[in-house]
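Hi,

Here is the structure I promised to pass on. Have a look, and then read my notes below.

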Amino acid sequence: MKEFYLFLGFILVLAAAVLLTAILVRRHEEKRLGEFQDNILKKQRDEVQNIYATMRGWRHDYHNHLQTIKAYLIMGQPEKIPDYLDHLKEDLDSIDIAIRTGNVGMDAILSSKISIASKNNITVNYKAAVPDKLSVTDVHLCAIVGNLLDNAIEACEQVVPEKRFLRVYIGVFKQQLYISVSNSTNASRRRKLSELVSYKQGEHGLGLKRIDRIVKLYDGFVNRKNEPGIFATEVMLPL
């Protein structure tokens, strides 16, 4: 009987140790995800702030640009004005937030990420419209889309420039908020999702986990398609 109680005590101690280890591992993972998301949000905030800072600077220089054009006219050099205006247009186009989705946070994130994609020679096609009323918070929505686009841009950068593409669609489908992001990859074969998650280590892997956790929080749905040369993610969130 004594041996039985000793064995039972050992089993209880072992079970407690396993449970404690599981709790510590989970907390460590949550801490990693939290730190990762904080870094992502800071990166996104810095990108958006950079856009607005550039816009403010351009507006500040507005009068100087007018003075330069006026000087060309006074000096009898009107032929230089078209080239000058072309340079101004290129500068403004590079920082203009032209995306209007109906959600200010989404406008900023999409404008920032698509601008980065374009600068990396990625062909971008997008269509986005966000309804006024959502069950998902703006923070979580931007976290999902921001992570999706960061991963997509990272994958495209591994592909030769002439084959880089990024397609984004956000809208309402069957009374759900539907988000679709597809991009080119250098993958030459199809991978199973379990293999994909283990393959995408580092920030990319944490991004996938972060997306899954947020979608699960809202009882949503995630579908990933991994084919040779293309990777696609679909997210559906209840309105």
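At roughly what angle do the axes of helix α4 (residues 104-119) and helix α5 (residues 138-156) cross? They cross at roughly 5 degrees and come within 10 Å. Axes here are lines fitted to C-alpha atoms, for helices over the stretch in contact, with angles from 0 to 180 degrees between N-to-C directions. α4 and α5 are therefore roughly parallel to each other (angles under 35 degrees count as that).

Before going on: this is a predicted model, where local features need pLDDT of at least 70 and side-chain atom pairs count only at pLDDT 80 or more, while totals for chains, interfaces and linings use all residues. Residues are numbered from 1 along each chain as its sequence is written, and side-chain values use heavy atoms, leaving out hydrogens and water. Helices (H or I, at least four residues) and strands (E, at least two) are DSSP runs, numbered from the N terminus.

Back to the helix pair. On the α4 side, G105, M106, I109, L110, K113, I116 and A117 meet L141, C142, V145, G146, L149, D150 and I153 of α5 (contact means heavy atoms within 4.5 Å). By class, that contact has 10 nonpolar, two polar and two charged residues (Ala, Val, Leu, Ile, Met, Phe, Trp, Tyr, Cys and Pro count as nonpolar, Asp, Glu, Lys and Arg as charged, and the others, Gly among them, as polar).

Then there's the sheet. It is open, with five strands in the order β1-β2-β3-β5-β4 and mixed pairing (two strands pair if DSSP finds at least two bridges between them). Its edge strands are β1 (123-128) and β4 (221-227), each pairing on one side only. α4 packs on this sheet, touching β1 and β2 (165-173), and its direction makes about 165 degrees with that of β1. As for α5, this helix lies across β2, β3 (176-184) and β5, at about 15 degrees to β3.

How far to trust it? Mean pLDDT (the predictor's confidence in each residue, from 0 to 100) is 77 for the protein chain, and 63% of its residues reach 70 or more. Confidence is highest in β3, at 95, and lowest in helix α6 (residues 193-199), at a mean of 52. Where pLDDT is low, the predicted coordinates should not be read in detail.

Cheers

How values were computed. Parallel < 35°, antiparallel > 145°, perpendicular 65-115°, else oblique.
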